[in-house]
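Please look at the structure shown here and follow its aromatic rings.

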Amino acid sequence: MLTVDAHSHLGSCRVFDSDQRAGDLLAAMDRHGVHVSVVQPFPGAPDPAAVHDMIGQLARDEPGRIFGMASLSPHQDAGAYRAEVERCVRELGFVGVKAHALGHAINPRSRDARLIFQTAADLGIPVMVHTGHGVPFAEPVMWLPLAREFAETTVILGHAGAPMFTGPAIVAGEVAENIVLETSWCSPHDIGRAIKSLGPERVLFGSDLHFNPGVELAKYHAIGLAEDVLRLTLGENALRVFSIGSPVQA
Ligand SMILES: [Zn+2]
């Protein structure tokens, strides 16, 4: 079964004091049967553009296996922000952009939050929003106005509000059909509730950190999902959301 990790990181992180190396990421994918990973810099990367280049290189080295997601602070000159995201998409082939509500301190009601959504809409890519830790900015419902304004843009609620705000994340999904939930750090119970409430097409497997894919996959297998639901949530939904047409073969 094709397995796509919708949420993974590369490089170092001054905000959460962590580090993820390409070798560790690829080894974890092999160990846990993850065929494709969508990879982004951490917030607090000392040089996000350099990490974008590193991810772009890894994607060229591992065709069909690694796809990039841009992540940088929007609290800068709007033109410079847009230029870097556009470079990632047009030159490096990236498939999404991240709004890190906590790590980049993004108020969902701010013009800089809007800049991210406008940039994504102009480039035709989905936005992943960090939700959960870091309220009020990371409270899922706070992102509803932007999700509704940019109704043509797919909005991925990263971590689906875990651990405290999975309920609001599901409510946000019920209100805005362009919202999908990525479930790293969610409880198995909440993953099951999200699938039941929103349908199996709108829930995505993600790991966040390289030691975590096995744990996250075990949750999906633990809740007794039907084979066709597993196929969607573990792989096919991510291919659709990120418009990945040429993954490696499972
Ligand atoms: Zn993350």
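The paragraphs below go through the aromatic pairs and their surroundings.

This is a predicted model, in which local features need pLDDT of at least 70 and side-chain atom pairs count only at pLDDT 80 or more, while totals for chains, interfaces and linings use all residues. Residues are numbered from 1 along each chain as its sequence is written, and side-chain values use heavy atoms, with hydrogens and water left out.

The structure holds 3 aromatic pairs. Rings of Phe, Tyr and Trp (its six-membered ring) pair if their centres lie within 6.5 Å; planes under 30 degrees apart count as stacked, over 60 as edge-to-face and the rest as tilted. The ring centres of F117 and W143 are 6.1 Å apart and the planes meet at 20°, so this pair is stacked. F117 belongs to helix α4 (residues 111–123), and W143 to the loop between β6 (127–130) and α5 (144–149), so the pair ties together parts 26 residues apart in sequence. Helices (H or I, at least four residues) and strands (E, at least two) are DSSP runs, numbered from the N terminus.

F117 is buried, at a relative accessible area of 0%, and W143 is buried at 1%. Buried means under 20% relative accessible area, exposed over 50%, partly exposed in between (1.4 Å probe, protein chains only). F117 and W143 form one aromatic cluster with F150.

Another pair, F205 and Y220, is edge-to-face, with 6.4 Å from centre to centre and 90° between the planes. F205 sits in the loop between β9 (203–204) and α8 (213–222), and Y220 in helix α8, 15 residues apart. F205 counts as buried at 0% relative accessibility, and Y220 counts as buried at 0%.
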